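Let's walk through this structure together, one question at a time. Have the sequence and the 3D view at hand.

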Amino acid sequence: MDSSRIIVALDYPSAEEAVRFVDQVQPAECRLKVGVELFTAAGPSLVERLVKLGFDVFLDLKFHDIPNTVARACDAAARLGVWMLNVHTLGGAHMLTAAREAVGSSGNRPKLVGVTLLTSYSQPDVEQVGLHGSLAETVASLARLAHDAGLDGVVCSPWETADLRRRFGEKFILVTPGVRPADADSDDQARTLTPREALGRGAHYLVIGRPITRAPDPQVALDTMNREIDIG
Ligand code: C5P
């Protein structure tokens, strides 16, 4: 493994605060995720800056729009040089196929993953938005849509990884947020597991935000987690 399997969620309100964290870590220790908060505040120039520093950047903007619009957004994201980007599987099969075509077929194209259900969702939330079936069934059918449209993988809760690994095999990338060290606060995440448990159930990458970024010493927190999962 050329880099850690930990993707740090840079959920900071400004480029300055994000860079303060990034200055303390190396590309071998973590990958970085830029989500809607930071991207809205700091824009594509920060993404390009992180890429230039040598980090694998996951652009987590969860595109969800008509197929043409999403395809153009994916193309723009790919041109920033990101390592991974995502779309929302609830956008449906046509949107997923358009996104997949837009990221191209070159060897260094970004990996494209689909968000299934947010890890803050619990069963009542699923019913409230009018989706029928259990949480696990809903995630499995959304992951099937992503798989059949040729996406590289999905973002899912660590609780769903074992089932999805069985259904879709080793190559289908499973990225799991909702990861918490045993002694940490779960914040607003409803379905959490520890880093070791998540990897044991078949996750490829772990997205971890607040337990690292809000730790008294983020560098130490990252180091401890890398050691806990025995890599990095
Ligand atoms: O701070 P925490 O570890 O909860 O951060 C998790 C990150 O993963 C956040 O940036 C959140 O937006 C993202 N995410 C998630 N659930 C998904 C997709 C992304 O929590 N299904």
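Here are some questions and answers about this model.

This is a predicted model, in which local features need pLDDT of at least 70 and side-chain atom pairs count only at pLDDT 80 or more, while totals for chains, interfaces and linings use all residues. Residues are numbered from 1 along each chain as its sequence is written, and side-chain values use heavy atoms, leaving out hydrogens and water.

Q: In what order do the eight strands of the closed barrel run?
A: Helices (H or I, at least four residues) and strands (E, at least two) are DSSP runs, numbered from the N terminus. Two strands pair if DSSP finds at least two bridges between them. Here the pairing is parallel, and the closed barrel runs 1-2-3-4-5-6-7-8.

Q: Which side chain makes a polar contact of 2.4 Å with that of Arg31?
A: Arg31 is part of strand 2 (residues 31-35). Its relative accessibility is 2%, so Arg31 counts as buried; buried means under 20% relative accessible area, exposed over 50%, and partly exposed in between (1.4 Å probe, protein chains only). A polar contact is a pair of N or O atoms within 3.5 Å; within protein, one must be able to donate a hydrogen and the other to accept it, and residues adjacent in sequence count only if both atoms are side-chain atoms. The partner of Arg31 is Asp56.

Q: Why do the buried residues of helix 10 line one face of the helix?
A: In helix 10 (residues 218-228), the buried residues are Pro218, Ala221, Leu222, Met225 and Asn226. Seen down the helix axis, they line one face because they fall within an arc of 135°, taken from the directions from the axis to the C-beta atoms. So the reason is the arc of 135°.

Q: Is Asp223 buried or partly exposed?
A: Asp223 also belongs to helix 10. With a relative accessibility of 30%, Asp223 counts as partly exposed.

Q: How far is an oxygen atom of the ligand from a polar side-chain atom of Arg180?
A: The ligand is surrounded by 17 residues, each with a heavy atom within 4 Å of it. Among the closest are Asp11, Arg180 and Arg210. Between a polar side-chain atom of Arg180 and an oxygen atom of the ligand, the distance is 2.7 Å.
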